[in-house]
Amino acid sequence: MGNPIDRTEEDRRRAMEAVRELIRWIGDDPEREGLKDTPRRVIEAFLEYFRGYEECPETYLTRTFEQVGGYDEIVLLRDIPFHSHCEHHLAPIMGKAHVAYLPKDKVVGISKLARVVHAFAKRLQVQERLTAEIADCIQKVLEPAGVAVVIEATHACMTCRGVETPDVIMTTSRMMGVFREDDKARHEVLKLIGFN
Ligand SMILES: Nc1nc2c(ncn2[C@@H]2O[C@H](COP(=O)(O)OP(=O)(O)OP(=O)(O)O)[C@@H](O)[C@H]2O)c(=O)[nH]1
Ligand SMILES: [Zn+2]
């Protein structure tokens, strides 16, 4: 994962045929006027929903800055909106990610933290793994004193089908380093995020 995917014309044809088959499966006619172009649109939309398979999140964090005036407090990016898809139903997961770290000697451009979130979100996911992958990536590349990732999201597979229970928000978190070991640090970061 993380490299451009080589897709042939034959792959493209088969993917469009699979969409046509799904349209037949639900009881509609893929040859009718309004649906003629739909397989092409769907496979192109899928490339957008799942472009994360072609991204390498770690490389977003390789450019760091050291001249930050000795800054050694928490850096938090709150309310990063993202969308993903659940790996069980291919249904949308929509939510917000809060990403914090306590730098040791290097900081990263803040847009890069959002890029890391999107690179992992635009894959088939469960929320727990999405949360863990974002935190692990930041810990591995930046080697900060701590990383905290909290995600709040709604799952369309719960709202639009199955149990049909809307407005349920799933919250997950991954605390690493000081945020895992030190209660005070964890409380501080959770307070900054907006949890008390
Ligand atoms: N832990 C976790 N569960 C998820 C996530 N996304 C979807 N699910 C759940 O995955 C489960 C899959 O359960 P199954 O019983 O195999 O599938 P199902 O018959 O479609 O289940 P229902 O959704 O209850 O109709 C469901 O309970 C979903 O709500 C996620 O990100 N994390
Ligand atoms: Zn699901």
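Lys 104 counts as partly exposed, since 13 other C-beta atoms lie within 10 Å; the cut-off for exposed is 12 or fewer, and for buried 20 or more. This comes from a predicted model. Lys 104 sits in the loop that runs between β3 and β4. Leaving aside residues up to four places away in sequence, Lys 104 touches Glu 143, Pro 144 and Ala 145. Lys 191 is another matter: 87 residues separate Lys 104 from Lys 191 along the chain, and their C-alpha atoms are 21 Å apart.

As for the overall layout, an unreviewed UniProt entry lists residues 17-193 as "domain: GTP cyclohydrolase I". Over that stretch the chain is 39% helix and 27% strand, with 46 Å between the end C-alpha atoms.

Next comes ligand 1. The residues around ligand 1 are Cys 86, His 88, Val 126, Gln 127, Glu 128, His 155, Cys 157, Met 158, Gly 162 and Val 163. Two elements, α4 (127-142) and α5 (156-159), each give two or more residues to this shell. Sorted by class, the shell around ligand 1 has five nonpolar residues, four polar ones and one charged one.

The unreviewed UniProt entry also carries a "binding site" annotation, covering Cys 86, His 89 and Cys 157. These residues are spread over 72 residues of sequence, yet they cluster in space, with a largest C-alpha distance of 7.8 Å. Cys 86 belongs to strand β2, while His 89 is found in the loop between β2 and β3. Cys 86 is partly exposed because it has 18 other C-beta atoms within 10 Å. His 89 also ends up as partly exposed, because it has 14 C-beta neighbours inside 10 Å. Not counting residues up to four places away in sequence, Cys 86 touches Ala 91, Ile 93, Gln 125, Val 126, His 155 and Cys 157. Among these, Val 126, His 155 and Cys 157 also turn up around ligand 1.

Finally, there is helix α3, which takes in residues 110-121. Its twelve residues reach 17 Å from the first C-alpha to the last, close to the 16 Å expected at 1.5 Å a residue. Buried residues in α3 are Lys 112, Leu 113, Val 116, Val 117, Ala 119, Phe 120 and Ala 121. The packing partners of these buried residues are the strands β2 (75-86), β3 (92-102), β4 (107-108) and β5 (124-125), together with α4.

Technical notes:
Residues numbered from 1 in each chain as written. Chains lettered and ligands numbered in written order. Predicted model: local features only at pLDDT ≥ 70, side-chain atom pairs only at ≥ 80, totals over all residues. UniProt positions renumbered as here; feature names shortened; annotations may be inferred. Helix = DSSP H or I, 4+ residues; strand = E, 2+ residues; numbered from the N terminus. Near = placed C-beta within 6 Å. Nonpolar A, V, L, I, M, F, W, Y, C, P; charged D, E, K, R; others polar. Expected span 1.5 Å × (residues − 1). Contact = placed C-beta atoms within 7 Å.
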